[in-house]
Amino acid sequence: MLDRDDYWPRLIKSLRSREHLTQADLGSRLGVDQTAVSRWERGQDAPALRLRQKIRDLYRQRAAGKQDLVARARVRNALWPASLVGPGAVFIEFNARALAEIGIQVDDLRGRSIYGLFGPDVDCVTERWESAGIFQGELAMTVSLNRIDGPEGPAFIKTLDTPHFTWDGDIWCLCEIQRISATEHAKLIEEFGGAHFALPFDALNH
């Protein structure tokens, strides 16, 4: 008796097609022969219970890994200033528009931490941002307000940050970046009661 009728035939055919696997290839990964995979795809049998989770995990792993690549490509090619930041406030990805918006000139930020790059004010806001729980999966969104002192004077930056849950179990943060005026910066700090605003997932239900 197959669970959900054609669930296993569809899932296995989709997995093989997407990964360019023969029935024998998939069988080898699962420790069964080609005829077993053939029976599953024809709906004549279903995988044993011990194999079902392996098949689901393989399907999800391939899909989720691709989603992580999509997240990185999305940031690189975004039409707005953006970066992708991981635990430790380390840049995973960024685009040229982000550098222009912030007003800094560097070749590559990937692998570098925010700490120490933009001055003590940014370090302080970043520490508050991390400790609020963005990388623990507790927050749906944050807004951070930063002042970056450069050779041409201060740049006031607002970032809207949302989590991206990776296949490996990490959390990356997609940061959309906008330069704002000193007046708006001061107004938002007064409104938020500080340079950081956090919205927990629980608050989305209200």
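These legends go with a set of close-up views of one predicted model. Local features need pLDDT of at least 70 and side-chain atom pairs count only at pLDDT 80 or more, while totals for chains, interfaces and linings use all residues. Residues are numbered from 1 along each chain as its sequence is written, and side-chain values use heavy atoms, with hydrogens and water left out.

**View 1. The largest nonpolar core, with 22 residues.** Here a nonpolar core is a set of buried Ala, Val, Leu, Ile, Met, Phe, Trp, Tyr and Cys residues joined through side-chain atoms within 4.5 Å. Buried means under 20% relative accessible area, exposed means over 50%, and partly exposed is in between (1.4 Å probe, protein chains only). Val 85, Ile 114, Phe 118, Trp 129 and Phe 135 have the most contacts inside this core. Two or more residues come from each of strand E2 (90–94), helix H5 (96–102), helix H6 (120–131), strand E3 (139–150), strand E4 (153–165) and strand E5 (171–180). E5 gives the most, at four residues. Helices (H or I, at least four residues) and strands (E, at least two) are DSSP runs, numbered from the N terminus. There's also a second, separate core of 16 residues, with Trp 8, Leu 11, Leu 15 and Leu 30 among them. As background, nonpolar side chains tend to be buried together in soluble globular proteins.

**View 2. Phe 135 and what it touches.** Contact means heavy atoms within 4.5 Å. Skip the neighbours within four places in sequence, and Phe 135 is in contact with Val 85, Gly 86 and Pro 87, with Trp 129 and Glu 130, and with Ile 171, Trp 172 and Cys 173.

**View 3. Cys 173 and Cys 175, neither in a disulfide.** A disulfide is counted when a pair of cysteine sulfur atoms lies within 2.5 Å, and a search of the whole structure turns up zero. For Cys 173, the nearest cysteine sulfur is that of Cys 175, 4.1 Å away. Looking from Cys 175, the nearest cysteine sulfur is that of Cys 173. Cys 173 counts as buried because its relative accessible area is 0%. Cys 175 is buried too, with a relative accessibility of 6%.

**View 4. The largest cavity, about 250 Å³.** On a 1 Å grid over the protein atoms alone, a cavity is a set of points where a 1.4 Å probe fits but cannot get out; lining residues have an atom within 4 Å of a point. Grid points are joined across faces, edges and corners, and a volume is the space filled by probe spheres set on the points. The model has two cavities of 30 Å³ or more. Of the 18 residues lining the largest cavity, Ile 114, Val 122, Thr 126, Asn 146 and Thr 159 are the closest to its centre. Strand E1 (82–86), H6, E3, E4 and E5 each give two or more residues to this lining, and H6 gives the most, with four.

View 5. E2 and H5 each put in at least two residues, and the largest share, three residues, comes from H5. By class, that's seven nonpolar, one polar and no charged residues.

**View 6. The largest pocket, about 250 Å³.** A pocket is an open set of grid points with protein on both sides within 12 Å along at least five of seven lines. It has 14 lining residues, and Ile 102, Gly 103, Gly 150, Pro 151 and Gly 153 lie nearest its centre. E3 and E4 each supply at least two of the lining residues. The lining splits into eight nonpolar, three polar and three charged residues.

**View 7. Two alanines, Ala 78 and Ala 100.** Ala 78 sits in the loop between helix H4 (49–76) and E1. Ala 78 counts as buried because its relative accessible area is 5%. Leaving out residues up to four places away in sequence, Ala 78 touches Asn 95 and Arg 97. Ala 100 belongs to helix H5. Ala 100 is classed as exposed because its relative accessibility is 59%.

Definitions and conventions:
Ala, Val, Leu, Ile, Met, Phe, Trp, Tyr, Cys and Pro count as nonpolar, Asp, Glu, Lys and Arg as charged, and the others, Gly among them, as polar.
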